[in-house]
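Here is a brief report on one protein model.

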Amino acid sequence: EGLQDKVTILYDSQAIPHIFASNDHDLYLAQGYVTAQHRLWQIEIQTHAAAGRVSEIVGSVALDNDRAMRRLGMVYGAEQALQAIMANDTARAMVEAYTAGVNAYIETLTDRNLPFEYKLLDYKPEPWTNLKCALLLKNMCK
């Protein structure tokens with residue numbers, strides 16, 4: 001849902017996805033979907049870590065790390081980066097389509113097919129946001 005045209009995703013012999021789309025919107029939406037399909041837990045925990053929110057998932061054991069990350073100002077940095085992204089039409093379209101793709105995958109999840117990490121921690125994934133894209137970027141750059 002949300003695609004404008006046909007998208008083909010082929011997996012090679014090493015299970016690496018190759019996405020073929022006739023327009024950029026569909027390419028980035030499919031990239032978000034595939035990323036979430038294979039790495040939802042990873043991208044979610046990384047954005048929570050960058051925002052100093054891991055303790056919301058795992059409890060007080062993460063409070064020291066959360067406080068340290070909040071002192072770094074990662075959310076502020078991500079908000080500033082997101083402002084720049086949203087000011088550029090091409091970058092905004094890319095991030096919005098990617099976000100839609102991640103959320104399209106999240107919407108397919110049920111208790112039965114929820115990734116193991118979520119079941120283990122009795123936690124459900126939050127909707128993905130454009131800010132989470134910027135937090136992921138900032139977390140990878142630190």
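A salt bridge here is a side-chain nitrogen of Lys or Arg within 4 Å of a carboxyl oxygen of Asp or Glu. The structure holds seven of them. This is a predicted model, where local features need pLDDT of at least 70, side-chain atom pairs count only at pLDDT 80 or more, and totals for chains, interfaces and linings use all residues. Residues are numbered from 1 along each chain as its sequence is written, and side-chain values use heavy atoms, with hydrogens and water left out.

**Fold and surface**

The protein chain has seven helices and two strands. Helices (H or I, at least four residues) and strands (E, at least two) are DSSP runs, numbered from the N terminus. The order along the sequence is β-β-α-α-α-α-α-α-α. The C-alpha trace spans about 45 × 40 × 25 Å along its principal axes.

The radius of gyration, taken over C-alpha atoms, is compared with a globule rule of 2.2 Å times the number of residues to the power 0.38. For 142 residues, a compact globule would have a value near 14 Å; the protein chain has 16 Å, which agrees.

Of the 142 residues, 39% are buried. Buried means under 20% relative accessible area, exposed over 50%, and partly exposed in between (1.4 Å probe, protein chains only). Contact means heavy atoms within 4.5 Å. Among contacts with a separation of 6 or more, 55% join residues 24 or more positions apart.

**Charge pairs**

Side chains of opposite charge can pair when their charged atoms come close.

| Pair | N to O distance |
|---|---|
| R67 and D64 | 3.6 Å |
| D89 and R92 | 3.0 Å |
| D111 and K124 | 2.3 Å |

D111 lies in the loop between helix 5 and helix 6 (116–121), and K124 in the loop between helix 6 and helix 7 (130–141), so this pair ties together parts 13 residues apart in sequence. D111 is exposed at 55% relative accessibility. K124 is partly exposed at 49%.

R67 and D64 sit three residues apart in helix 3 (residues 63–72), about one helical turn. R67 is partly exposed at 43%, whereas D64 is exposed at 60%.

D89 and R92 share helix 5 (residues 89–106), also three residues apart, or about one turn. D89 is exposed at 54%. R92 is partly exposed at 26%.

Which residues are linked in a network of salt bridges? They are E44, R53, E56, E126 and K132.
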